[in-house]
Amino acid sequence: MQDIKKLDFQKIEKKWQSKWEKKKAFEPKVGGKNKYYVLEMFPYPSGSGLHMGHAFNYTLGDIYARFKRMKGYNVLYPMGYDAFGLPAENAAIKEKTHPKKYTQKAINNFIKQQKSLGLSYDWTRILKTCDPEYYKWNQYFFLKFYENGLVYRKKSAVNYCAKCDTVLANEQVHDGKCWRHSDTEVEIKQLEQWFINTTKYAEELLKEIPNLNWPERIKSMQKNWIGKSEGTEITFKINNTDWKVFTTRPDTIFGVTFLVISAQHPQLMSIVTEKQKNHVDTFLKMARSTKQEEIDKLEKEGVFTGSYALHPLTGEKIPIYAGNFVVAEYGSGMVMAVPAHDQRDFDFAKKYNLPIKQVIKSKENSILKAYEGSGQLINSEGFNELFSEEAKTHITKALEYKQLGKAVVQYKLRDWLVSRQRYWGTPIPMIYCKECGIVPVEEKSLPVKLPDKVKFGKGNPLTTNSSFLKVKCPKCNSPARRETDTMDTFFDSSWYYLRFTDNKNNKKPFEKEKVSYWMSVDQYIGGAEHANMHLIYARFFTKALRDLGFLSINEPFMKLFNQGMIHGEDGHVMSKSRGNVIDPLEITKKYGADTLRFFLVSSASPDKDSLWSKEGIEGSLRFVKKLYTILSEIKIGSSSVKLEHWINKTIKNVTSEIEGMKYNTALINVRRLLEKIEEEKEIKKSDLLSIIKIISPVTPHIAEELWEKLGKKSLVSLEQWPKADESKISEELEAQEKIQHQTLDDIKNIIKIVQEKQNKNPEKIYLYAIPKELSVYNIQYLESKLDKKIKIFAVNDPNKYDPENKSQKAKPGKPGIYLE
């Protein structure tokens with residue numbers, strides 16, 4: 001027998017990884033057989049390298065890509081790097097190096113780690129979003145969107161740190177302070193920003209959600225994020241100017257006792273009176289975040305603006321407050337407050353001693369809390385005694401008649417603020433000219449490259465390079481200045497899956513023929529945390545590019561799989577800050593890539609969280625060694641009927657389980673099959689080859705090695721997936737085997753009882769079976785397992801030895817048992 005301790009997994013892995021690369025095994029061509037596009041969400045290449053969550057994610061995708069390849073599909077399975085962004089810029093500054101140098105080093109490390117796992121990527125399609133060859137097309141699409149009215153510029157609230165002299169991302173605001181300067185309060189400033197009109201596609205994005213083969217949880221999250229509301233847009237007159245206010249409860253309009261405008265509203269100061277200006281300024285300094293989640297957690301506070309609105313139906317003067325709980329981008333950024341019928345408004349009214357007017361009948365005490373349900377209207381002149389739903393229609397019609405309102409559909413989804421006042425991102429291809437205004441960069445001048453020579457530390461680094469900043473206007477040739485904002489990195493990741501189809505094209509973002517062949521992505525894999533950002537932006541991008549004539553598809557990702565998370569041995573999700581991170585590269589060096597791959601997908605269902613354990617990885621190593629040893633040493637001959645049953649049943653089950661990404665149950669079947677092979681002396685060569693094929697997606701290196709040992713010159717990775725021969729699957733045989741195993745367990749239990757209670761060690765065993773089941777029991781097998789002599793009788797045998805009438809206890813599938 002081969003000494004399994006001497007198995008050099010690293011040597012085997014390097015050998016086959018080299019052969020795959022030399023033979024260009026995983027480089028598909030356009031056309032021909034059925035295509036299948038497998039893709040994991042591409043990673044941000046952090047300096048700390050690949051973590052176990054990455055390794056798990058990529059193993060899931062690789063198993064599926066390998067399986068589909070063997071099933072006869074033309075598989076596209078690429079890898080790239082989401083290389084721009086604030087984390088890289090900050091990490092580079094901390095390490096006193098340039099973001100470009102820092103990022104390239106991180107990517108090189110990622111590639112090394114990924115290759116060690118034996119992932120079957122087409123490495124010729126690699127892309128990095130920080131390459132000018134990639135972000136040139138970001139700029140190209142930005143200009144196309146601009147030409148077609150999908151990009152515009154307007155004022156928006158941002159977080160600003162005076163010490164950094166720059167805008168901060170929401171993630172950089174910690175408890176109202178700058179992440180770099182914990183002694184500096186963050187201010188809210190109104191800055192001109194670039195937006196993409198995603199709301200134009202809100203209805204289509206919502207309408208097509210049911211057609212997606214995605215987890216229901218993600219579909220629900222997207223539906224809520226888009227947030228369709230049917231209601232009424234009501235016009236309130238403020239200082240002789242019309243302000244539109246959206247509500248889903250026009251039936252409560254007579255209960256409006258104040259309005260609230262967002263503290264971040266760009267027009268807020270236009271309605272603040274001179275007398276209230278200082279009070280409002282003080283309040284605004286306390287409103288320190290533009291982040292929705294933080295706004296939701298804040299105690300609801302406000303300040304009187306000094307202005308009043310005229311009620312559209314009663315003509316009453318209604319005070320207007322600035323509030324920290326109204327989102328500037330939702331609706332008009334102003335809401336009508338009905339404290340008797342909205343708990344948030346009720347609490348605000350109590351706090352600031354504002355009137356509360358009940359307009360819907362309820363049994364509840366309106367002094368203690370708001371009644372938020374529907375009912376019959378009261379105190380609503382002209383509409384009293386109508387029920388809420390009917391009143392909504394009548395009141396909206398009355399407002400339409402007076403030209404003071406109309407029925408509208410509103411979405412929670414906001415237009416995409418795409419500007420970032422930072423360095424490490426795609427430069428926005430716009431120029432500011434005093435004569436011509438905002439002028440797009442000409443397409444022939446793309447890409448607008450990021451300058452290497454910039455200064456970090458204060459303000460936007462791009463403003464420190466005058467040769468980048470100072471340009472000639474493309475229209476009039478006058479001195480002008482370049483836009484210094486860069487794009488949100490979600491722009492990069494909104495179309496990268498399209499570039500993979502034609503990543504070396506320097507004339508177009510992609511050839512239509514190629515993108516038409518490969519798209520949509522057939523299986524997308526990634527975390528649920530991307531439900532409301534990346535996945536919505538990518539869907540929007542696909543639809544926008546379709547309407548601009550670049551694509552003919554409606555959706556980018558037809559199937560989505562969300563993987564679980566890996567927890568450390570301390571029970572917490574692996575993270576650098578907790579110190580429980582395990583480096584996949586170290587594990588592959590110690591245990592082998594196939595062992596790691598096997599462990600990652602065998603311990604739990606891939607969509608569930610799993611626990612890392614040393615015992616688990618060591619157990620996986622023992623199994624992989626055992627698998628290799630048994631399959632390499634079993635004698636080639638013929639397969640028994642029983643073994644053929646288990647081989648074909650396993651092929652059938654494993655095929656179904658891998659198709660459904662239930663890898664853990666697929667491997668349970670493989671483990672059981674190995675136990676059956678252990679009981680055999682020989683196996684047919686074709687059966688052994690089939691077994692090697694079905695283990696190859698999970699343990700590809702040892703599968704290739706075993707395949708070669710059997711004299712095969714081809715790669716098992718490119719072989720045809722085996723088909724189960726249903727005629728060789730015998731449920732009767734399996735039922736008989738089950739009876740035999742149950743009988744073995746019963747005998748063991750009886751022996752144990754006899755030993756404990758009678759202090760005897762039985763030497764002989766007698767079995768009594770119903771006549772038609774006599775042939776079920778393999779006496780030789782039972783004797784070998786128990787190391788005792790066994791005799792079996794039919795219950796109706798007149799010559800049977802049965803001193804205690806145990807034969808009378810025999811039942812179908814359960815023999816009588818006597819020991820002595």
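These are my notebook entries on a predicted model, written as I looked up one spot after another.

**Entry: the cores**

I started with the nonpolar residues. In general, nonpolar side chains tend to be buried together in soluble globular proteins. Here I found that the largest nonpolar core has 166 residues. The residues with the most contacts inside this core are Phe-145, Phe-491, Tyr-496, Tyr-497, Phe-541 and Trp-612. Helix α2, residues 52-70, gives the largest share of this core, with ten residues.

I also noted a second, separate core of 44 residues. Trp-243, Ile-271, Val-272 and Ala-398 are among its members.

What does Phe-541 touch, not counting residues up to four places away in sequence? My list has Phe-141, Phe-145, Trp-416, Phe-491, Ser-494, Trp-495 and Tyr-497. Two of those names, Phe-145 and Phe-491, I had already written down among the residues with the most contacts in the core.

Next I looked at helix α3 (residues 86-94) and helix α4 (residues 99-116). At what angle do they pack? I noted about 105°, with the axes 8 Å apart. Angles of 65 to 115 degrees count as roughly perpendicular, so α3 is roughly perpendicular to α4.

I wrote down who makes the contact. On the α3 side I have Ala-88, Glu-89, Ala-91 and Ala-92. On the α4 side I have Pro-99, Tyr-102 and Thr-103. Sorted by kind, the residues of this contact are five nonpolar, one polar and one charged.

**Entry: an enclosed helix**

I moved on to helix α23, residues 700-709. Eight of its ten residues are buried, so α23 is largely enclosed by the rest of the structure. The buried ones are Pro-700, His-701, Ile-702, Ala-703, Glu-704, Glu-705, Leu-706 and Trp-707.

Which helices do these buried residues pack against? I listed α1 (9-22), α2, α18 (593-602), α19 and α22 (685-695).

**Entry: two buried serines in loops**

I looked up Ser-613 first. This serine sits in the loop between β27 (610-611) and α19 (614-633). Is Ser-613 buried or exposed? Its relative accessible area is 18%; because buried means under 20%, Ser-613 counts as buried. The Ser-613 side chain reaches the backbone nitrogen of Gly-616 at 2.8 Å. Not counting residues up to four places away in sequence, Ser-613 touches Glu-569 and Phe-599.

Then came Ser-493, in the loop between α13 (489-492) and α14 (496-499). Its relative accessibility is 5%, and I put Ser-493 down as buried. The side chain of Ser-493 reaches the backbone oxygen of Phe-490 at 3.3 Å. With its neighbours within four places in sequence left aside, Ser-493 is in contact with Phe-42, Asp-82 and His-534.

**Entry: two cis peptide bonds**

I checked the backbone too. Leu-446 and Pro-447 are joined by a cis peptide bond, with omega at about 0°. Pro-447 belongs to the loop between β20 (437-440) and α12 (466-469).

Another cis peptide bond joins Met-519 and Ser-520, and there omega is about 5°. I placed Ser-520 in the loop between α15 (512-518) and β24 (523-525).

**Entry: exposed loop residues**

I finished with the loops. The one between α10 (343-351) and α11 (388-401) holds Asn-353. At 72% relative accessibility, Asn-353 counts as exposed. I also noted that its C-alpha atom is separated by 24 Å from that of Gln-264, 89 residues apart along the chain.

Glu-385 is in the loop between α10 and α11 as well. Its relative accessible area is 60%, and I marked Glu-385 as exposed. What is the phi of Glu-385? I wrote down a value near 75°, which is positive in a residue other than glycine.

My last stop was Asn-759, in the loop between α24 (731-757) and β30 (764-769). Asn-759 has a positive phi of about 55° although it is not a glycine. With a relative accessible area of 71%, Asn-759 is exposed.

Terms used:
Residues numbered from 1 in each chain as written. Predicted model: local features only at pLDDT ≥ 70, side-chain atom pairs only at ≥ 80, totals over all residues. Heavy atoms only, no water. Axes fitted to C-alpha atoms, helices over the stretch in contact; angles between N-to-C directions. Helix = DSSP H or I, 4+ residues; strand = E, 2+ residues; numbered from the N terminus. Parallel < 35°, antiparallel > 145°, perpendicular 65-115°, else oblique. Contact = heavy atoms within 4.5 Å. Nonpolar A, V, L, I, M, F, W, Y, C, P; charged D, E, K, R; others polar. Core = buried A, V, L, I, M, F, W, Y, C linked by side-chain atoms within 4.5 Å. Buried < 20%, exposed > 50% of the residue type's maximum accessible area, 1.4 Å probe, protein only. Polar contact = N/O pair within 3.5 Å; in protein donor to acceptor, adjacent residues only side chain to side chain.
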